[in-house]
Amino acid sequence: MTEQNETINLMMKHTSVRNFTEEKLSDETVKTLIEAGRAASNWKNFQSYSIIVVKSQEQKEAIFHYQPQKAIKNCSHYLVFVGDMNRAEKGVALNGGDFQPAGIESLLISSVDASVAAENVLLAAESLGYGGVMIGLIRDQSEEISDVLNLPNYTYPLFGIALGKPARLNDVKPRLPYEAVVFPEKYIEQSQEVIKEYDKVQDDYAGARRIGSTWSSRLVDQWGQAENPSSTENLKKKKLL
Ligand SMILES: Cc1cc2nc3c(=O)[nH]c(=O)nc-3n(C[C@H](O)[C@H](O)[C@H](O)COP(=O)(O)O)c2cc1C
């Protein structure tokens, strides 16, 4: 890499943090991180997402009850990113329009907006010596999590970020080779060889922490079966599909 500065170095050092010390972020710091997140680009400046700041142990436990990942319970703050067309409904009604949010495009708009903001929040946290992990598996209990958070029609939970002071930092996780992901001018379909090679890279990275499955076998866990219907059912209930 030729060009380097503090920002790029910070980005290159990213690792997800799942173990936190007891230290809590102040409300002021959390607000600063979220404002940094909200400064991100978003579709037509519609800002089609909301963020629920979960700070109380009671509410963390309520989410953990459905999605038992330790980071949710042990973090300082759990920020839930919500795809949000609810304010759009109000704006359309204000103008006497016919609100038609159901469909894939609204979901892409709101989920991309939320994701762009979320990455900004996480990077801002990392820049202050905090860390965190995004937790998307809350979508496996989409309806239950929506109830816990009191989410209205035209909204849906996307993922949370568990934030806190890192108890320890993992080594940076190697990505796929640049050439397997970034193509000059036109798409270049990759061979199974690339996958095989990356399985080895991931095994080496995991070392003693290997969990007995390869990177590509985890693709089977994800895509070797029909998807969990939880999000689809909840999106229908919330009038977004
Ligand atoms: C949208 C999204 C959802 C994620 N959901 C989870 C999750 O539910 N549990 C978890 O432990 N990690 C989750 N992760 C973290 C990824 O596993 C992690 O970013 C990836 O393995 C790369 O590792 P790194 O962030 O340490 O570089 C999620 C990441 C993203 C972007």
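Predicted model: local features only at pLDDT ≥ 70, side-chain atom pairs only at ≥ 80, totals over all residues.

Visitor: OK. Which residues are around the ligand?

Guide: The residues around the ligand are H14, T15, S16, R18, Q69, V133, M134, I135, G136, L137, K173 and R175.

Visitor: And how does that shell split by class?

Guide: Around the ligand there are four nonpolar, five polar and three charged residues.

Visitor: What lies 2.8 Å from an oxygen atom of the ligand?

Guide: That is a polar side-chain atom of R18.

Visitor: Which atoms of M134 and G136 lie by the ligand's nitrogen atoms?

Guide: For M134, a backbone N or O atom lies 3.0 Å from a nitrogen atom of the ligand. For G136, a backbone N or O atom is 2.8 Å from a ligand nitrogen atom.

Visitor: How much of the ligand does the protein bury?

Guide: The protein buries 67% of the 620 Å² that the ligand exposes when taken alone.

Visitor: Which pocket is the ligand's space?

Guide: The ligand takes up space in the largest pocket. The volume of the largest pocket is about 2200 Å³.

Visitor: Which lining residues are closest to its centre?

Guide: Of the 48 residues lining the largest pocket, R18, M134, G136, L137 and Q222 are the closest to its centre.

Visitor: Where does the largest share of the lining come from?

Guide: From α6, which gives five residues. Other elements also supply at least two residues each, among them α1 (6-12), β3 (131-135) and α10 (215-223).

Visitor: What about classes in the lining?

Guide: The lining of the largest pocket has 20 nonpolar, 15 polar and 13 charged residues.

Visitor: New topic. Where is N42?

Guide: N42 is in the loop between α2 (27-38) and β1 (49-54).

Visitor: What does its side chain reach at 3.5 Å?

Guide: The side chain of N42 reaches the backbone oxygen of A40 at that distance. A polar atom of the N42 side chain also lies 3.2 Å from the backbone nitrogen of F46.

How values were computed
Residues numbered from 1 in each chain as written. Heavy atoms only, no water. Near = heavy atom within 4 Å. Polar contact = N/O pair within 3.5 Å; in protein donor to acceptor, adjacent residues only side chain to side chain. Areas by Shrake-Rupley, 256 points an atom, 1.4 Å probe, with all protein chains shown as cover. 1 Å grid on protein atoms, 1.4 Å probe; cavity = no way out; pocket = protein on both sides within 12 Å on 5 of 7 lines; lining within 4 Å. Sits in = over half its atoms within 2 Å of the grid points. Nonpolar A, V, L, I, M, F, W, Y, C, P; charged D, E, K, R; others polar. Points joined across faces, edges and corners; volume = space filled by probe spheres on them. Helix = DSSP H or I, 4+ residues; strand = E, 2+ residues; numbered from the N terminus.
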